[in-house]
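Here's a quick briefing on a protein model, with a look at some of its charged pairs and its packing. Have the structure open as you read.

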Amino acid sequence: MTAAITVVRPGPQTTVQDWPGRVGYWKVGVPPSGPMDDLSFRLANLAAGNPETAAGLEATLAGPALRFEEPAVVAVTGAPVRVTVDGRAVPQWMPITVEAGQILDIGPVGSIGMRVYLAVAGGIGAEDYLGSRSTFTMGHFGGHGGRALAEGDALTVGPTPTGRARRILGDEVPALTNTWNLAVTIGPHTAPEFFTDEDMADILGTDYEVHFNSDRTGVRLIGPQPRWARADGGEAGLHPSNIHDNAYSVGALDFTGDTPILLGPDGPSLGGFVCPVTVVSAQRWKLGQLKPGDTVRFVAVRADETASPAHVGTARRATMPDVLSAGRDEDNGILARSQTADGATTVTYRRSGDDNILVEYGDMTLDLALRARVHALAERIEADRPRGLADLTPGIRSLQVKADPDVWNQRAMLDWLRECESQLPPAQDLVVPSRTVELPLSWDDPATREAIERYMLGVRDDAPWCPWNIEFIRRMNGLDSVDNVYRTVFDADYLVLGLGDVYLGAPVAVPLDPRHRLVTTKYNPARTWTPENAVGIGGAYLCIYGMEGPGGYQFVGRTTQVWNHRHPLPAPGFDPDHPWLLRFFDRIRWYPVDADELLDMRADVAAGRGNSTRITEGTFSLSEHQAFLDANAADIAATRASMEAARDEERRRWSESGEFAAKALA
């Protein structure tokens, strides 16, 4: 393919996207990306004569100016903008012919809408990465070099076969507004377990304001602070929003502390915060057009009465700004509850939008037997791979099952999942491959110190975990010195229970020996910047950040890469078939290095050389682990009791200082 388009002016954030994006990698922390307003994007493709899946451009706030080196048919949709060809105004929502040498100029959005879409007949050419050409800028892959367009970039027109270009009809054009209604289903985490009834009334009765600090990862909202139905998150953290990490749905309303955020197509796949409602799949296009200052009201609907996300015409119900609801599901987001075959464990099936079921095991405690049950269920589902299944994403004590609601509706999915669950063997029989992965750790690394300093300068300087996270960890766990924190971290074997906790194969892991389980709470509000491969603890879990971005875990240091950015080129320790380093049930073990050594090791991994990662094959047996716990039960109980007493004291300090009430910041 030869260059057919030259970028004269890129606009503030113009990226290549395709639909439905990068599907099937949610379980390792790779978001789908794709157009944030999929409806306008797909209609642009239809107007240009393309299949809906063809790659096109998404522009935020203002569009690009592009010089076409060859004749082309294009279409511009999305937010209302002024579009010109060599200065001559042309309409949106219909095919436009651009001659060789002419410049197509897409202007800034006005008072309504946030994103504009451009389709070119044949599709924009871009390299396929993990099954999609969509750009994930935070991960530096997909699209045009993994980044937004820049002046002088040369784009190609792809080989996508074209059909008949056509005008988009008035009753197909989605309605944009500044006062949005969003159809939501109740769940997965609602009243009375996590929120009060008054909280849920607030969520469904408030006109939330869109915050300026919003992007493709999520739309931050301004609204009332929840009262909360519980005092804290227990082992998951001191804030009542904290839970043991589970999978999220795109469109979930995620309360990170007291801050509500609508998760977008570049958002995280796993996290430890509650989500009381979820935008239905057919209405998630609206997230792409929410503008700072707009208002959002959530309207609860029944999951089985939502429109189909497959449609782009009137059946999508997108031409009306209001959401008409005949009522909500009166089940508090819980589709069913049952017991495992041995009667020992409760199984809860939670609604997460109209396209996901979150299967949750047992009480809100950290229990490896529950994670074993999750693994067994995932293996059982994967063995059959029923038609309509899209993704399986395990959490600490849960499994999110995502499906195409047009192929496999939620009621049929629930019945099938309950039947699968009843057939599972006892969790104690679990024996799985479990490699020991030894990684370098630069303790209290300068990059993590810098992140804390940035937080204190730009977010808050009075947080209990400032100015030194390691001292906070010591205090939270009643240890005599920070040297004891060091020894505890380096003595532990961390079992990987989830991947993608903060993107790109980032592990969420827990020490096998409960005496090594240092428990902390997460930042509230979160950091705006975290260095790539920082290592932190949140709740009882350790995480390695897969890339730069926001974060909330308390830092202990930094390590080498857990994602091979060279893929498909090889890197030491990485499987050649995929770019993530770690696997479920791997055991992470640390060895100490200084900051300069780590920088050298990181440079080696980036260049595809070195041997900083040491891997030994092995297995993990739940019954053997249980025997270890039984043999050391008395000492484990004494150690855990001492740690819990320290956390009770920290809670008391927080209460006296007003941290719970006054510092629950939006």
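Predicted model: local features only at pLDDT ≥ 70, side-chain atom pairs only at ≥ 80, totals over all residues.

Residues are numbered from 1 along each chain as its sequence is written, and side-chain values use heavy atoms, with hydrogens and water left out.

**Salt bridges**
- The whole structure has 48 salt bridges (a side-chain nitrogen of Lys or Arg within 4 Å of a carboxyl oxygen of Asp or Glu).
- D105 pairs with R9 in one of these, at 2.9 Å from N to O.
- R9 sits in strand β1 (residues 3-9) and D105 in strand β9 (residues 103-106), so their bridge ties together parts 96 residues apart in sequence; strands are DSSP runs of E, at least two residues, and helices runs of H or I, at least four, numbered from the N terminus.
- R9 is partly exposed too, at 33% relative accessibility.
- R475, E649, E650, R652, R653 and E656 form a salt-bridge network.

**Packing around I470**
- I470 belongs to helix α6 (residues 469-477) and is buried, at 0% relative accessibility.
- Leaving out residues up to four places away in sequence, I470 touches W443, D444, V482, V485, F555 and V556 (contact means heavy atoms within 4.5 Å).
- Between I470 and V485, 15 residues apart along the chain, the C-alpha separation is 7.4 Å.

Definitions and conventions: Buried < 20%, exposed > 50% of the residue type's maximum accessible area, 1.4 Å probe, protein only.
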